[in-house]
Amino acid sequence: MRRSSFLVLSALMLLAAPLLAPAAWAQGKDGEIWIGSYHPDPSFMDSDISFGLRSMIRRPDGLGFGGEIGYVSLSGEATSGGVTGSVDWDAFFVDFLFDIPLGHSKKAVPSFTFGTGLAFANLDSEVEGRIGSIEVDDLDGTSFTAQAGFGIKLVLGDHFYLRPAARIRWFEARGGDDLDTEYILGFGRTF
């Protein structure tokens, strides 16, 4: 319990840090809404749509700091012998991000993004076999996550942009080498 409280408090402090930065430190701000295609690493899970909001504060050199919230809901089914298992999994993500631009182009700015945060997940599962079935409903959990990705900010006019991107996400709670992949298209505005 203490560890989860510490992680939640740390994530909230990291998300609040860019909002408390002095005005002279920031060159600009980005606000974005995005939609994505989420591909989980467990092969029996189906891909689905993800969506979220992102906010960044940029330094004069273009380096960005910010936060993001996102949501995804997935399901899947696997059969082995006479046993069939189904899973419904949804997660709410709260992440702190760093955005490192690769140049200062006026129309297209490629960048690497990496970050860390928490995933608040809910799982419903059912296993059916020859003898009967077992159901598990509303199994909640919190996991530390880390992500890394690459995107290109395509400037549209004076204040708007599109941001196609791809990223991978690792979950502490899963262990092993599972990495989820997500392809994103963001629509944003600079302030």
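Mentor: A salt bridge is a side-chain nitrogen of Lys or Arg within 4 Å of a carboxyl oxygen of Asp or Glu. The model here is predicted, so local features need pLDDT of at least 70 and side-chain atom pairs pLDDT 80 or more, while totals for chains, interfaces and linings use all residues. Residues are numbered from 1 along each chain as its sequence is written, and side-chain values use heavy atoms, with hydrogens and water left out.

Trainee: How many salt bridges does that rule give?

Mentor: Side chains of opposite charge can pair when their charged atoms come close. The count here is nine. One of them joins Glu-182 and Arg-167, with 2.9 Å from N to O. Glu-182 sits in strand E8 and Arg-167 in strand E7 (residues 160–171), 15 residues apart. Strands (E, at least two residues) are DSSP runs numbered from the N terminus, as are helices (H or I, at least four).

Trainee: Is Glu-182 buried or exposed?

Mentor: Buried means under 20% relative accessible area, exposed over 50%, and partly exposed in between (1.4 Å probe, protein chains only). Glu-182 is buried because its relative accessibility is 4%. Arg-167, at 8%, is buried as well.

Trainee: Which side chain makes a polar contact with Glu-182?

Mentor: A polar contact is a pair of N or O atoms within 3.5 Å; within protein, one must be able to donate a hydrogen and the other to accept it, and residues adjacent in sequence count only if both atoms are side-chain atoms. The partner of Glu-182 is Ser-50, at 2.4 Å.

Trainee: Which residues are joined into one salt-bridge network?

Mentor: Asp-30, Arg-54, Arg-58, Asp-99 and Lys-153 are joined by salt bridges that share partners. Between Lys-153 and Asp-30, the closest N and O atoms are 3.0 Å apart. Lys-153 belongs to strand E6 (residues 133–156) and Asp-30 to strand E1 (residues 28–39), 123 residues apart. For Asp-99 and Arg-58 the closest N and O atoms are 2.8 Å apart. Asp-99 is in strand E4 and Arg-58 in strand E2 (residues 48–58), so this pair ties together parts that are 41 residues apart in sequence.

Trainee: Which residues form the largest nonpolar core?

Mentor: In soluble globular proteins, nonpolar side chains tend to be buried together. A nonpolar core is a set of buried Ala, Val, Leu, Ile, Met, Phe, Trp, Tyr and Cys residues joined through side-chain atoms within 4.5 Å. The largest has 11 residues, including Tyr-38, Trp-89, Phe-93 and Phe-171. Strand E4 gives the largest share, four residues.
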